[in-house]
Each structure stands twice: as structure tokens, then as C-alpha cells.
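Subject: Structure handover

Hello,

Here is the structure I said I would pass on. My notes on what was found in it follow below.

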Amino acid sequence: MFDTADVYGAGRSEEVLGRALAGRRDEVVIATKFGYTFDAGRRAITGQDASPGYIRRACRASLLRLGTEWIDLYQLHVGDLPAAQAQEVADTLEELAAEGPIRSYGWSTDDPQRAGTFASGAPCTAIQHELNVLAQAPAMLAVCDGFGLASINRSPLAMGLLTGKYTAVSRVPADDVRAAQPWVGYFDGGRPAPQWLARLEAIRGVLTAGGRTLAQGALGWLLARSPRTVPIPGIRTIAQAEQNAAALGLGPLPPAAMAEIAQLLGTGAAQPR
């Protein structure tokens, strides 16, 4: 499964993915997103649009960039869209599913109420939301459980923090999204936030038991957390792709490890922000 969006790289991400998967379309699941308008020439986001006409235009453009006749999972990208408007979006997506350009649809949002309203009024199949061992999102998982949805896990490695690559003295480049965007959360001024590093250190030993790398342990936690979870870790190199994929062979973390992590982090404790 590959998850992308039309706005990533102002269309370039979909183009690259389309070239990479040419001739192998039946072997993969492609998920992409819509809802943000962008200027491809300037590579800049220009606004948002979830009107029926725009959704259809965006879908056609994504199909062309991806070089495919269908999208397996088409996701609303605007996480804070009003629930009433989201129902109109669902109606359009239902039409597209009936016509064939998409196979299923969902919403990328971290708002349990919006997700629940959307799922209750439309036969969507997935909600994409932030989830990792440091940000456990129980309310979002409850929505997925209640409506029988796949839980597509954004930031499964906490924007890289759960790879173990970053320490208290690390600093990401100034042009890195983690240095510039406050919504990232795990970094503060380009440095890993101390409260997150402290929580990571508390569970590092449990995550790396059994020969796992830290990243594999974090993915193993997600696989053990729910049968609905689908982590989508980012990759930049072949080695990272192979390491992430190897987490499947190692399997979910065992129940004892899950219980120990819950104890170390404090079950039900508020997540630091």
C-alpha cells in the first residue's frame, strides 16, 4: 500500500509513484487525497475546495498523474471541514465509487466527532489519523472500531523521533517541515521536544527487545494495538523500506510488552503537547 496526496510536491509525488508502479498496478493498493488547491508552478498550496465539481476534477487529475484507471482509497484531506459539508463530499464520492474511478473512500482527520459523523452517514472504509506509541489516540480508534473502519496511521514513527535518530542536541535543517510547522508537535524549534524524548527513553528497552530496531518496535506496537491499524511510515531510502517491511516478519509486540509500555507511559495519562 502506498499513501500519497495530490498536494504532495504539488502533484509530483503522484507522478513519481505512477512511474514506479507502471506495469505492477494489480500488485499494490494506492491511497491518495484531495481537498487542497495548489499551484504546481510555484509548488504552493493556494487554498481548499471540497465542492463536487472540484472533487471530480481533482480525481481525474490524480488518475492521470498516477497513470491508473482507479484509486483504491480516495481520502478527503481537509481534516477540519465542517461535518455538514463532509456529507456532501461523501455523496460525490459515492457517485465516483459507483462510476468506477475510485474503489473506496475515507477522511484524513484527527477529530473523532467529525470522523464519527462522516462514518455514520456514509459507507466509507477508512479514517486516516495520527497514531503511534507516543500519541495513542484512543478516541479515534474507538470510532474505527465502532464503524468497522480501517485505521490508517499517520506519523507512526512520530515524524522520525521513533527511529532513534534524534537526540537532545539534534537539530533538523531550517527548511525541514519539522522546523517550520507547529502542528508537527514532536519537535520544538527544530529540536526534539524534551517531553517526547523522555517518554521515548522510558520505553526504548521494551520496543527494541527481541532483536527489533526502535522503528520496528514502534511499528510492532501499532500492529498489536488493533487489528484495524495500517501504519504508513515514510521512507527515503531502500534500506528504510526494507527495515520497515521487516517489522511484519517480526510481528506484533507480545501482550506482555504492550502491558509494560502501558504501565511505563501511564495508561490513561494525558498526552504531552
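Two strands count as paired if DSSP finds at least two bridges between them. Please keep in mind that this is a predicted model.

By that rule β5 and strand β6 (residues 102–108) pair: five bridges join them, and the two run parallel. One of the residues involved is L76, whose bridge partner in β6 is W107. Both strands belong to an open sheet of seven, ordered β1-β2-β5-β6-β7-β8-β11, with parallel pairing. At the edges stand β1 (2–3) and β11 (229–231); each has a single partner strand, so one side of each is left without a neighbour in the sheet. Helix α3 (residues 83–99) packs on the sheet and touches β2 (30–34), β5 and β6. The direction of α3 makes about 160° with that of β6.

Within β5 (residues 71–76), I looked at D72. Its relative accessibility is 13%, and because buried means under 20%, D72 counts as buried. The side chain of D72 makes a polar contact of 2.8 Å with that of R25. Leaving aside residues up to four places away in sequence, D72 touches R25, V28, V29, I30, R103 and S104.

There is also a helix pair to report. Helix α1 (residues 12–20) packs against helix α2 (residues 52–66) at an angle of about 45°, and their axes are 7 Å apart. That angle makes α1 oblique to α2. On the α1 side the contact uses E14, E15, L17 and G18, and on the α2 side S62, R65 and L66. Of these residues, two are nonpolar, two polar and three charged.

Regards

Methods. Residues numbered from 1 in each chain as written. Predicted model: local features only at pLDDT ≥ 70, side-chain atom pairs only at ≥ 80, totals over all residues. Heavy atoms only, no water. Helix = DSSP H or I, 4+ residues; strand = E, 2+ residues; numbered from the N terminus. Buried < 20%, exposed > 50% of the residue type's maximum accessible area, 1.4 Å probe, protein only. Polar contact = N/O pair within 3.5 Å; in protein donor to acceptor, adjacent residues only side chain to side chain. Contact = heavy atoms within 4.5 Å. Axes fitted to C-alpha atoms, helices over the stretch in contact; angles between N-to-C directions. Parallel < 35°, antiparallel > 145°, perpendicular 65-115°, else oblique. Nonpolar A, V, L, I, M, F, W, Y, C, P; charged D, E, K, R; others polar.
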